[in-house]
Amino acid sequence: MDVKTKLLAGTIRQLRARRERVVRLIAKIHAKIHGHIDDHDLERYHLGVVKEEAELAALEEHLLWCGPCVDRTEAASQYVDTVRAAACDRAEYSPW
Ligand SMILES: [Zn+2]
């Protein structure tokens, strides 16, 4: 690698690190302004009942950058799946 290539690689590395810091900062600001997705909406999202384009886009955009909401989405989906499985089991054994 010649000197110019090394300098360019160093600059690109610095820019990427800076971009990461900016992305994290924007995520923090965004969360403070808009807050997080509430549990009910996370469940609706997991169940696929969010049909409105704008709401769906907003939820998915939030989940792109917000780690805590991604974790809560996984917890909500496990909860929904557990409740759904319990309901199915109950339906199989129900005399109704
Ligand atoms: Zn969030």
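**View 1. Helix α2 passes helix α4 in a right-handed crossing.** A crossing counts as right-handed if the near helix is turned clockwise from the far one by less than a right angle, and left-handed if anticlockwise. Helices here are DSSP runs (H or I, at least four residues), numbered from the N terminus. This is a predicted model: local features need pLDDT of at least 70, side-chain atom pairs count only at pLDDT 80 or more, and totals for chains, interfaces and linings use all residues. Residues are numbered from 1 along each chain as its sequence is written.

**View 2. α2 and α4 pack at an angle of about 65°.** Their axes lie 9 Å apart. That angle makes α2 roughly perpendicular to α4 (65 to 115 degrees). Axes are lines fitted to C-alpha atoms over the stretch in contact, and angles run from 0 to 180 degrees between N-to-C directions.

**View 3. Residues of α2 meet residues of α4.** On α2 these are D39, L42, E43, Y45, H46 and L47. On α4 they are R72, T73, A76, S77 and V80. Contact means C-beta atoms, placed from the backbone, within 7 Å. Beyond its neighbours within four places in sequence, A76 touches D39, L42, E43 and H46.

**View 4. The largest nonpolar core has 5 residues.** They are I37, L42, Y45, C69 and A76.

**View 5. C69, T73 and A76 are the buried residues of α4.** Buried means 20 or more other C-beta atoms within 10 Å of a residue's own. Their cover includes α2 and α3 (53–65).

Key. Core = buried A, V, L, I, M, F, W, Y, C linked by C-beta atoms within 7 Å. Buried ≥ 20, exposed ≤ 12 C-beta atoms within 10 Å, placed from the backbone. Contact = placed C-beta atoms within 7 Å. Helix = DSSP H or I, 4+ residues; strand = E, 2+ residues; numbered from the N terminus. Parallel < 35°, antiparallel > 145°, perpendicular 65-115°, else oblique.
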